[in-house]
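Let's take a walk through this protein and its ligand. Have the 3D view open and follow along.

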Amino acid sequence: SRERKVAVVGARAVGKSSLTVQFVEEHFNESYYPTIENQLGKTVNYKGFEYSIEILDTAGQDEFSMMNQKHLIGIHGYVLVYSITSRSSFDMLKIIRDKILDSTGQDQIPMVIVGNKSDLNLQRQVSQQDLKDLAQEFGGCPYIECSAKQNEKVSRAFEIIVGAIEEQQNPT
Ligand code: GDP
Ligand code: MG
């Protein structure tokens, strides 16, 4: 079957829910409803095939609350989100990725690094070079800057993860 499960992870308030809702339901909400975990589905066309994507929008991770089994079992790929306005959210991604790799015991699991809130360039704390360097450190992981608010590159981010999952399952 062409069912794929993707988890959206990262620090709190980086825009995990906003990206997911923008992608699935095509709208943006300014108000913040923290720590709610949610699952949304969307059909995606990739290279002429229809994929049914289940997106697990996690409540967010920090030093006190990391991912649990639900975020690690049966997940085909990860969207690692930080906010370009938060250095600490960027630094958190290394911890999250280590947890994923440790827990799954895999050394290759599809991921994309997403720098969200690209519309807030004046408040930027993470440069595009920092993002490139992290992607390199993550073994040439794909990466993109997005704005859930302006619906900028959001669907591209999800296409990248679907593509990375397909590439791993059916290498060309
Ligand atoms: P989550 O905790 O990671 O799920 O974060 P949310 O999606 O709930 O977003 C946290 C806050 O950031 C909310 O007030 C959103 O409106 C805001 N936000 C999310 N994405 C963007 C974005 O791309 N640009 C701007 N300016 N604000 C955003
Ligand atoms: Mg959320």
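This is a predicted model: local features need pLDDT of at least 70, side-chain atom pairs count only at pLDDT 80 or more; totals for chains, interfaces and linings use all residues.

The protein has four helices and six strands, and reading from the N terminus, the elements come in the order β-α-β-β-β-α-β-α-β-α. With 172 residues, the globule rule gives a radius of gyration of 16 Å, and the protein's own value is 15 Å, so it is as compact as a globular protein of that length. If you're thinking about box dimensions, the C-alpha atoms fill roughly 45 × 35 × 30 Å along the principal axes. As for burial, 40% of the 172 residues count as buried. Take the contacts between residues at least 6 apart in sequence: 72% of these join residues at least 24 apart.

Now zoom in on ligand 1. There are 18 residues around it, and Gly15, Lys16, Ser17, Ser18 and Lys149 come nearest. Which element gives the most to this shell? That's helix α1, residues 16–25, with three residues. By class, the shell splits into six nonpolar, six polar and six charged residues.

Stay with α1 and look at how it meets helix α4, residues 154–169. Their axes come within 9 Å and cross at roughly 90°. Angles from 65 to 115 degrees count as roughly perpendicular, and α1 and α4 are therefore roughly perpendicular to each other. On the α1 side, the contact is made by Leu19, Gln22 and Phe23, while α4 brings Val154, Ser155, Ala157 and Phe158. Sorted by class, this contact has five nonpolar residues, two polar ones and no charged ones.

Helix α3, residues 128–137, has 10 residues, of which one is buried, so it lies largely in the open. After α3 comes glycine 139, with a positive phi near 75°.

Glutamate 26, at about 60°, sits in the loop between α1 and β2 (38–46). Is glutamate 26 buried or exposed? A residue counts as exposed with 12 or fewer other C-beta atoms within 10 Å of its own, and glutamate 26 has 10, so it is exposed. Asparagine 151, with a phi of about 50°, lies in the loop between β6 (143–145) and α4. Asparagine 151 has 15 C-beta neighbours inside 10 Å, so it counts as partly exposed.

Key
Residues are numbered from 1 along each chain as its sequence is written. Chains are lettered from A and ligands numbered from 1 in the order in which they are written. A residue is near a molecule or strand if its C-beta atom, placed from the backbone, lies within 6 Å of it. Helices (H or I, at least four residues) and strands (E, at least two) are DSSP runs, numbered from the N terminus. Ala, Val, Leu, Ile, Met, Phe, Trp, Tyr, Cys and Pro count as nonpolar, Asp, Glu, Lys and Arg as charged, and the others, Gly among them, as polar. The radius of gyration is taken over C-alpha atoms; the globule rule is 2.2 Å times the number of residues to the power 0.38. A residue is buried if 20 or more other C-beta atoms lie within 10 Å of its own, exposed if 12 or fewer, and partly exposed in between; C-beta atoms are placed from the backbone. Two residues are in contact if their C-beta atoms, placed from the backbone, lie within 7 Å. Axes are lines fitted to C-alpha atoms, for helices over the stretch in contact, and angles run from 0 to 180 degrees between N-to-C directions. Angles under 35 degrees count as roughly parallel, over 145 as roughly antiparallel, 65 to 115 as roughly perpendicular and the rest as oblique.
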